[in-house]
Amino acid sequence: MVRNTPKIPKKKEVCSRLEAGSGSMAYTAKVGPSILSSDLSQLGRECERMMECGADYLHLDVMDGHFVPNITFGHPMVERLRRCIGPDPFFDMHMMVSRPEQWVKPMAAAGANQYTFHLEATTNPGSLIKEIRESGMKVGLAIKPGTTVEELAPWAGQIDMALVMTVEPGFGGQKFMEDMMPKVSWLRSQFPSLDIEVDGGVGPDSIYRCAEAGANMIVSGSAVVSSDDPRSVIALLKNVVMEAIQKRSLDR
Ligand SMILES: O=C(CO)[C@@H](O)[C@H](O)COP(=O)(O)O
Ligand SMILES: [Fe+2]
């Protein structure tokens, strides 16, 4: 797919943009359960349960049966969920869809907070980023395991979050791909203030590698949702990431 790419921004440019935007260079540890593995007939209740157990945000997986071989839900469900759960929980929409441009406005109207699209799904990331921002949402940019991090880098100065997939998108409950960690480390070294999310097979066994590599936004589906004690799993994931962030700041 031919993509219109800008030059890779220098570290300093990204930092000053983020400093200007947020007043701080610090990124924080956040855990966002993916509700894909939960009982979707009880979506509202499941989301409330996750927030009560200490989730920082909710990661909502939208699949269109075309970009990935699975179907979940779309903006009408998100709108209902927003009404049911209230204005506070942050909705990170993971848009595994072939035409991400199509759903920006409907998702914004439905109450989404962040629109994370796949780089592989568009020929014009720049105009999509602009449109998402103009719709009042934060911008996330995701890459599948086969996409290099260098392809994402030119956009890093314009996005709020980079999502490094640690499984092939489409299904929950898959095995964590440790060989994606160099992508996270590279992004963290080049863009020290960027929010970096990992998604797929992340749980108590794999969190140490994610945290050490530099991920700070942790999506966890089956490990959290299917646990007898989701509160403890969320707390563990968050603590491991917080400690890694602290260590990194002391090493600087
Ligand atoms: O986007 C996806 C899968 O495509 C993820 O959000 C998964 O749903 C996470 O679930 P686990 O792999 O943690 O079970
Ligand atoms: Fe996801």
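**Note on the annotated binding site**

1. The side chains of His-59 and Asp-61 make a polar contact of 2.9 Å (a pair of N or O atoms within 3.5 Å; within protein, one able to donate a hydrogen and the other to accept it, with residues adjacent in sequence counted only if both atoms are side-chain atoms). A second polar contact, of 3.1 Å, joins the side chains of His-59 and Asp-199.

2. This is a predicted model, in which local features need pLDDT of at least 70 and side-chain atom pairs count only at pLDDT 80 or more. Residues are numbered from 1 along each chain as its sequence is written, and side-chain values use heavy atoms, without hydrogens and water.

3. An unreviewed UniProt entry lists His-59, Asp-61, His-94 and Asp-199 under "binding site"; such annotations may be inferred rather than shown by experiment. The four are spread over 141 residues of sequence but cluster in space, with a largest C-alpha distance of 10.6 Å.

4. His-59 is in strand β2, residues 58-63 (strands are DSSP runs of E, at least two residues, numbered from the N terminus). His-59 is buried, with a relative accessible area of 0% (buried means under 20%, with a 1.4 Å probe and protein chains only). Not counting residues up to four places away in sequence, His-59 touches residues including Gly-32, Asp-92, His-94, Glu-197 and Asp-199 (contact means heavy atoms within 4.5 Å).

5. Asp-199 lies in strand β7, residues 195-199, and counts as buried at 8% relative accessibility. Beyond its neighbours within four places in sequence, Asp-199 is in contact with residues including His-59, Asp-61, His-94, Leu-163 and Val-219.

Conventions:
Chains lettered and ligands numbered in written order. Helix = DSSP H or I, 4+ residues; strand = E, 2+ residues; numbered from the N terminus. Buried < 20%, exposed > 50% of the residue type's maximum accessible area, 1.4 Å probe, protein only.
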